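Dear colleague,

I am passing on the structure we spoke about, and below it you will find an account of what came out of the analysis. Please read the text with the coordinates open beside it.

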Amino acid sequence: MKLPFDLREIKRGDFSYLTRRKLKNASDEETGEIVLWKWKEKEASEYVLRCPFCQTEQQGEVTLVKRPYRVRCTSCNRSIILPKLLSQAKKEAKKRG
Ligand SMILES: [Zn+2]
């Protein structure tokens, strides 16, 4: 998937977090993927997504408030749950310092 920025040009501290996760379809196969990040000065998180159900690649913004976190595919309109996504992302951010 293509990101709207060049990871090599991102400075430490630009993001609150950045994480990449595989997403499973209804048959429990990893057919999709999401990269989710949050700029420090922004309220909403941004993502690029390959829907595990219909394979459409898309880009969007979401404010993650209530667990389980989820995004909706703009193509097939299915709700995609992001299990443990943010806790994992925070852990990664902490590790990076
Ligand atoms: Zn879809």
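Strands here are DSSP runs of E that span at least two residues, and they are numbered from the N terminus. Please bear in mind throughout that this is a predicted model.

On that basis, I81 belongs to strand β6, which covers residues 79–81. Since a residue is exposed when 12 or fewer other C-beta atoms lie within 10 Å of its own, I81 counts as exposed, because it has 12 such neighbours. Once the residues within four places in sequence are set aside, the contacts of I81 are with P68 and R70, while the C-alpha atom of Y69, 12 residues away along the chain, is separated from that of I81 by 5.9 Å.

Turning to the sheet, four strands form an open arrangement in the order β1-β2-β3-β4, and their pairing is antiparallel. Its edges are β1 and β4 (57–62), each of which pairs on one side only, and the twist from one strand to the next averages 15°. Between the antiparallel strands β1 and β2 there are nine bridges, and T19 stands opposite L36 of β2.

L36 is also part of the largest nonpolar core, which has 12 residues in all, including F15, W37, Y47, C73 and L82. The elements that contribute two or more residues to this core are β1 (15–24), β2 (30–39) and β3 (45–50). As a general matter, nonpolar side chains in soluble globular proteins tend to be buried together.

With best regards

Definitions and conventions. Residues are numbered from 1 along each chain as its sequence is written. This is a predicted model: local features need pLDDT of at least 70, side-chain atom pairs count only at pLDDT 80 or more; totals for chains, interfaces and linings use all residues. A residue is buried if 20 or more other C-beta atoms lie within 10 Å of its own, exposed if 12 or fewer, and partly exposed in between; C-beta atoms are placed from the backbone. Two residues are in contact if their C-beta atoms, placed from the backbone, lie within 7 Å. A nonpolar core is a set of buried Ala, Val, Leu, Ile, Met, Phe, Trp, Tyr and Cys residues joined through C-beta atoms within 7 Å. Two strands pair if DSSP finds at least two bridges between them. Axes are lines fitted to C-alpha atoms, for helices over the stretch in contact, and angles run from 0 to 180 degrees between N-to-C directions.
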